[in-house]
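Subject: Structure handover

Hello,

My notes on what was found in it follow.

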Amino acid sequence: MTTTATVLLVFGRGVVAGDDGYRLTAESVARTEAAVAYVRAHAEEFRHAPGSRVVFTGGWPHGPAGVPGPPPGCREAELMRALARDAGLDAYVPSAAETRSRTTAQNLVHTVQDGLLGAVRFTPDRPLGLVSHPWHLPRIRLLAARVLGLSGAALRDVPVTAPDPVPVRRERTARLASRLGYLGVRTPEALLRRERGLTRAAERIGRLLSAP
């Protein structure tokens, strides 16, 4: 029998700026809807499990240098949480939003640093649920092992069934980079330092390749 995860971590997939303000991408909406559907399907467990909650994570994705992010109130996690609450999430479980992150690694690190997962000790009998598209979940698991020290049955995949057209080669490259780039990392703070170093190196290589 599959154990229900009564703490969910829902990963953002972008916001879009328009004439009427900021809105979630279709993929972010799909992840939010998947989380709400999972909670409804396990309503009694969420209502009665100590420390149950849904944490939405995401500020805004990386973009061109110098481009400002959305203002407070319009970031990925805030918009996802608002959508979920409009769909009735509050009737089942409390929720929270982490709004600083711009990458998957930062999603996990800032959620931990902000104390949003509470005092729950995650085990195979009390797993942490990861809500995202199937292509994204293996990389989340890899990073969760580095940041949270969790692996295997202590993590529960909650995959989104709606399509998300991500190039397979790009995600495989990102997963390999995460596997190799974060070797030896054992703390959230060390992971952020390593990520900053890798980002600077990638930017330098990009400038060299684009130079005449």
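Asp157 and Arg141 form a salt bridge, with 2.9 Å between the closest N and O atoms; the term means a side-chain nitrogen of Lys or Arg within 4 Å of a carboxyl oxygen of Asp or Glu. Asp157 is in strand β7 and Arg141 in helix α5, so the pair ties together parts that are 16 residues apart in sequence. Asp157 is partly exposed at 32% relative accessibility, and so is Arg141 at 23% (buried is under 20% relative accessible area, exposed over 50%, partly exposed in between, with a 1.4 Å probe and protein chains only). Helices (H or I, at least four residues) and strands (E, at least two) are DSSP runs, numbered from the N terminus.

The model is predicted: local features need pLDDT of at least 70, side-chain atom pairs count only at pLDDT 80 or more, and totals for chains, interfaces and linings use all residues. Residues are numbered from 1 along each chain as its sequence is written, and side-chain values use heavy atoms, leaving out hydrogens and water.

Strand β7 (residues 155–159) pairs with strand β6 (residues 128–132) in the parallel sense over five bridges; pairing requires at least two DSSP bridges between the strands. Between them the chain runs through helix α5 (residues 137–147) in a right-handed β-α-β crossover, that is, clockwise from the first strand over the helix to the second with the strands pointing away from the viewer. In this pairing, Asp157 of β7 stands opposite Leu130.

The salt bridge count is four. Another of them joins Asp114 and Arg100, at 2.8 Å between the closest N and O atoms. Asp114 is in the loop between α4 and β6 and Arg100 in the loop between β5 and α4, so this pair ties together parts that are 14 residues apart in sequence. Glu44 and Arg47 also meet in a salt bridge (3.1 Å, N to O); both lie in helix α2 (residues 43–48), three residues apart, about one turn of the helix.

Helix α4 (residues 104–113) is mostly covered, with eight of its ten residues buried. Just after α4, Gly115 has a positive phi of about 70°.

The aromatic pair count is one: Tyr38 and Phe46, edge-to-face, 6.1 Å centre to centre with 90° between the planes. The rule takes rings of Phe, Tyr and Trp (its six-membered ring) with centres within 6.5 Å; planes under 30 degrees apart are stacked, over 60 edge-to-face, the rest tilted. Tyr38 and Phe46 are both buried.

Regards
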